[in-house]
Amino acid sequence: MKCNTKNLIISKLLHPESSVIKKAESFLEEFSSFESECSLKHLLFYDKRSKAYYLICHIKGECLKLKTDLEAVLDPEESEEYKLNRGFYIDNLAYKIMKEDALLGRSFEDLVIEYDKHYRPEIPLKVFGGQHRIKAISEAVKKKINVYHGVRIYFDLSLEQKFNIALVNNTSIAVSNDLLDRMQEELLGVNLRNWCQEVGLLKGNQNFADKRSPEGIPTVRIARTLLVNFFMGKNAKEDQFHSPIVCTSGIGTDKKYVKLRDTINWKDNKLKEMGEQFALLHKMQRQRISERKKDNFLEFMNKAIHPCVVASWAYTAGLFQRKSKLKILKKHYDLSRIGQGDPLNATALLKARDNAIDPDNYRGLGARINNTELGRMFYLFYLHASKATNLGINSKLADSAIKYYIAQKADKAAKKAIKRI
Amino acid sequence: MYDEYLRDSYDFAMDAISNKNWNEKLKQRYFRVSIFCGMAAIEAFVNNIADILSYTKMMCENEKAFLLDKKMILENDKFIISEQNEFHKIEDKIKFLLSKYVKDFDFGCNRCWSDFISLKRKRDFLIHSRSEEDDTKIIDYESIVKNGITSINKIMDYLCLGIKNKKLRTQIRDLRF
């Protein structure tokens, strides 16, 4: 059933052109693979979709560094200088991790390459898939890390075949950052999930959402942000400039959270109280908005679990944990107990803005994640709990929070300037 | 409100400038309204800034009282800001803010300061006028208004950058001649 050449095994069901066999033989003579070093022959495969022939083998990193062409083009006669693949994203965290892995001897698989000597014949391995991995491999080779990597070598590709193969190798179904966070959290342990279930942020046996949830199920990022900011607030001095943070999401667990996680006493009553109060705020916000006939938008309903709101609220709760501040803390927690309307007054927050600097498309307080928004939102909760006479958020308070934040920032800048003298 | 006043001022001036078939009286009317709105805009803006700065710790009480148009009174052995009003000139408040928050602002060389003063003088003249007729030529009105509105816009921009560390938003900055 098989047709044998010097180095190749070809199924009798396949009928490759002689040019394909010639090129495959030429490749196997020019390059030493792990399989050939083990005196094994290579199987020739056929991809029915692209009607292209290829073989799979393993090549040393050094060879890939020297012989790959990362600027592969679709049509060398028409556009030899115009690379088909996207540019490199070396500042990306995923690439940085790839590079670290390569340095630790990671063996990468399924690098998609065409053996083609039509252009730049000194580097005949034209890369159509895996350029970042090969870049990481090359970096590792510089540090004398030279291991085998799996490659899929195509031969004698037409223009359409090249395009099809490049396209399929540049198509990926994105995995949400929230799912990555949830997976990483599983790896770290069950404490965060258990705690969230205990305080009522999650129902019993419920897991974190793997993407933004219309039902208001918090993600891992929200739970982490809640904890990190609570402890940040707890360790802050009241007269300092306050800047809550939102935990990072996606590849690589937030460093502040990782550092904090080991020190958390998950049974601490104050921490539990904070979690329960936040769960109540979220519940009341959803309930009050859903009862409305007008302005019952999903964004309003889930306002409490917007990362900016979570961070600022938790930071404020942390800041007022001291015994002398318990009255203020109570007022902060009592926000969810206002008689009517939604506790966060999402409509007032939406309308609040600094007319001088906020652009027309500004979406109000607590709608974006950046330092300014986090600062403004924090001072809203801070002023509400410590200075406002009445319970509840209103436009006047939101306006004051914006002004107060600018003033605090100006003070911080002035202090910094004085220090430089 | 100051952003809306500034837009009003700009729009009234634009109407007066662009409607070539309007008679002199009508143009004068629009320019006058433009001047009043422009001055209202800068007054409201300065009041807004004063509100912000009243929250800072780096500014002393007499400076805050000055910006907030409040009187300082002696209570026991301490001077405090009272609830009594004590109004100060807008140009003095702007001069104080520019000196304090805008590095290297040159009142002698920066044209926007002299343009603002011209506009302010015109406003004062109109408000406290004793003459029966407005005999200001259209060409003079146009020049005072164009330069004056632009100067107000630039002063706001300087102060935003100096105090808020951000430029005035584009939609307002575009209201210049």
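Helices themselves are DSSP runs of H or I with at least four residues, strands are runs of E with at least two, and both are numbered from the N terminus.

Before going further, some ground rules for what you are looking at. This is a predicted model, in which local features need pLDDT of at least 70 and side-chain atom pairs count only at pLDDT 80 or more, while totals for chains, interfaces and linings use all residues. Residues are numbered from 1 along each chain as its sequence is written, and chains are lettered from A and ligands numbered from 1 in the order in which they are written.

Let's stay with chain B for a moment. Chain B holds 7 helices and 2 strands, and along the sequence they run α-α-α-β-β-α-α-α-α. Its C-alpha trace spans about 65 × 40 × 30 Å along the principal axes. Of its 177 residues, 33% count as buried; a residue is buried if 20 or more other C-beta atoms lie within 10 Å of its own, exposed if 12 or fewer, and partly exposed in between, with C-beta atoms placed from the backbone. Back in α5(B), the buried residues include Trp113(B), Phe116(B) and Leu119(B), and also the charged-type names Asp115(B), Lys120(B) and Lys122(B). The buried residues of this helix pack against α2, α4 (90-101) and α6 of chain B.

With 18 other C-beta atoms within 10 Å, Lys27(B) is partly exposed. Leaving aside neighbours within four places in sequence, Lys27(B) is in contact with Ala16(B), Trp22(B) and Ile138(B), where contact asks for C-beta atoms, placed from the backbone, within 7 Å. Ile17(B) lies 10 residues from Lys27(B) in sequence and 7.7 Å from it in space, C-alpha to C-alpha.

Now turn to chain A, which has 17 helices and 8 strands. Its radius of gyration is 29 Å, well over the 22 Å that the globule rule gives for 421 residues, so chain A is more spread out than a compact globule. That radius is taken over C-alpha atoms, and the rule is 2.2 Å times the number of residues to the power 0.38. The C-alpha atoms fill a box of roughly 90 × 55 × 45 Å along the principal axes. The domain assignment gives domain 1 (2-169) and domain 2 (177-420), with bounds that come from an automatic or database assignment. Taken over C-alpha atoms, the centres of these two domains are 49 Å apart. In chain A, 40% of the residues count as buried.

The loop between α8 and α9 of chain A carries Phe208(A), which is buried, with 24 other C-beta atoms within 10 Å. Its contacts beyond four places in sequence are Arg182(A), Arg193(A), Pro218(A), Thr219(A), Val220(A) and Ala223(A).

Ala223(A) leads us to the largest nonpolar core, which has 112 residues and counts Ala223(A), Leu380(A), Ile49(B) and Ile155(B) among those with the most contacts inside it. Such a core is a set of buried Ala, Val, Leu, Ile, Met, Phe, Trp, Tyr and Cys residues joined through C-beta atoms within 7 Å. Its largest share, 13 residues, comes from α2(B). A second, separate core of 36 residues includes Ala72(A), Phe108(A), Leu111(A) and Val151(A).

Finally, look at where the chains meet: 19 residues of chain B are in contact with 14 residues of chain A. On the chain B side, α6(B) gives the largest share, 4 residues.

Technical notes. Contact = placed C-beta atoms within 7 Å.
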